[in-house]
Amino acid sequence: MIDAAVEVPLPNVGPGPDQLAIADLATPVAPPDPTTTDGADPAYETVLLLLHRDHHAGQCRRQVRAVADRYGEFRERGCQVVSVVPEPRERVREWQDQYELPYPLCADPDATVGEAFEQPVRLGALGRHVDLVGRMPAAIVLDVRNDGDEITVAASHRGHTNMDRPGIDELLATIDRET
């Protein structure tokens with residue numbers, strides 16, 4: 001199911017294309033001067049996929065701002081951050097308007113990506129219907145170095161509570177271990 005999920009284009013209200021599929025981030029980029037290098041290289045080595053709970057979740061809002069504050073450290077490691085919120089584009093746009101995030105911020109109103117990456121949901125049908133009380137945060141590190149042929153989960157953290165999420169230092173250390 002991960003293969004299909006990375007191909008799904010999501011509305012992106014942050015930097016990057018208007019419709020963003022995670023697989024697009026694994027596409028090799030041709031060198032600016034082909035005489036100095038052998039061929040195309042991936043633009044990124046890893047993608048940090050942050051799966052958020054809800055538009056109203058305060059901890060998720062704090063997390064996107066904390067990642068934005070240290071975004072340069074992710075880029076130095078060849079990592080692209082992508083935040084996914086299980087809400088319609090208009091609601092996710094409010095985050096971008098307020099926080100001006102320097103990385104893609106995608107709307108996923110049907111929680112397609114969250115489901116594919118096994119984002120935890122508690123409280124059964126109620127939790128699936130009301131993301132704020134049921135959906136828990138997740139952070140997935142994807143290895144995209146295989147010339148776009150295969151995207152694999154290198155590491156993951158799936159929260160058991162709304163507070164159960166890795167800090168920025170922990171995320172960076174995980175990326176360092178996986179690359």
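In which loop is Ala111 found? Ala111 lies in the loop between strand S7 and helix H5 (112-116); helices (H or I, at least four residues) and strands (E, at least two) are DSSP runs numbered from the N terminus. The views below come from a predicted model, in which local features need pLDDT of at least 70, side-chain atom pairs count only at pLDDT 80 or more, and totals for chains, interfaces and linings use all residues. Residues are numbered from 1 along each chain as its sequence is written, and side-chain values use heavy atoms, with hydrogens and water left out.

**View 1. The whole protein, with its eight helices and nine strands.** Of the 179 residues, 46% count as buried, meaning under 20% relative accessible area, whereas exposed means over 50% and partly exposed lies in between (1.4 Å probe, protein chains only). Contact is taken as heavy atoms within 4.5 Å. Among contacts between residues at least 6 apart in sequence, 62% join residues at least 24 apart.

**View 2. The largest nonpolar core, made of 26 residues.** Such a core is a set of buried Ala, Val, Leu, Ile, Met, Phe, Trp, Tyr and Cys residues joined through side-chain atoms within 4.5 Å. The residues with the most contacts inside this core are Leu48, Val67, Phe74, Val81, Trp95, Tyr103 and Leu105. At least two of its residues are supplied by each of S5 (46-51), H2 (58-69), H3 (71-76), S6 (79-85), H4 (89-99), S7 (105-107), S8 (138-143) and H8 (168-178). Helix H8 gives the largest share, four residues. Another core, of 23 residues, lies apart from this one and includes Leu20, Val47, Val82 and Ile140.

**View 3. Val67, a buried residue of the largest core.** Val67 has its place in helix H2, and its relative accessible area is 0%. Not counting residues up to four places away in sequence, Val67 touches Leu50, Phe74, Val81, Tyr103 and Ile168. Val67 and Tyr103 are 36 residues apart along the chain, yet their C-alpha atoms are separated by 9.3 Å.

**View 4. Helix H4 and its two faces.** The buried residues of this helix are Val92, Trp95, Gln96 and Tyr99. Seen down the axis of H4, these buried residues fall within an arc of 95°, so they line one face of the helix; the arc is that of the directions from the helix axis to the C-beta atoms. An α-helix has 3.6 residues a turn, so residues three or four places apart point the same way. The face turned away from the buried side carries the exposed residues Glu90, Asp97 and Gln98. The partners against which the buried residues of H4 pack are H2, S6 and S7.

View 5. Just after H4, Glu100 takes a positive phi of about 50°, in a residue other than glycine. At 64% relative accessibility, Glu100 counts as exposed.

**View 6. Helix H8, with a buried side and exposed residues opposite.** Ile168, Leu171, Leu172, Thr174 and Ile175 are buried in this helix. Viewed down the axis of H8, the buried residues fall within an arc of 160°, so they line one face of the helix. Asp169 and Arg177, on the other side, are exposed. Packing against the buried residues of H8 are S5, H2, H3, S6, S8 and strand S9 (152-158).

**View 7. The largest cavity, with a volume of about 30 Å³.** The structure holds one cavity of 30 Å³ or more. A cavity is a set of points, on a 1 Å grid over the protein atoms alone, where a 1.4 Å probe fits but cannot get out, and lining residues have an atom within 4 Å of a point. Grid points are joined across faces, edges and corners, and a volume is the space filled by probe spheres set on the points. The lining consists of Leu51, His52, Val84, Val85, Pro86, Asp108, Ala111, Gly114 and Gln119. By class, five of these residues are nonpolar, three polar and one charged; Ala, Val, Leu, Ile, Met, Phe, Trp, Tyr, Cys and Pro count as nonpolar, Asp, Glu, Lys and Arg as charged, and the others, Gly among them, as polar.

**View 8. Ala111 and Ala116, two buried alanines.** Ala111, one of the cavity-lining residues, has a phi near 55°, a positive value in a residue other than glycine. Its relative accessible area is 8%. Ala116 has its place in helix H5 and a relative accessible area of 7%. The C-alpha atoms of Ala116 and Asp3 are separated by 8.9 Å, although the two residues are 113 residues apart along the chain.

Notes: On a 1 Å grid over the protein atoms alone, a cavity is a set of points where a 1.4 Å probe fits but cannot get out, and a pocket is an open set with protein on both sides within 12 Å along at least five of seven lines; lining residues have an atom within 4 Å of a point.
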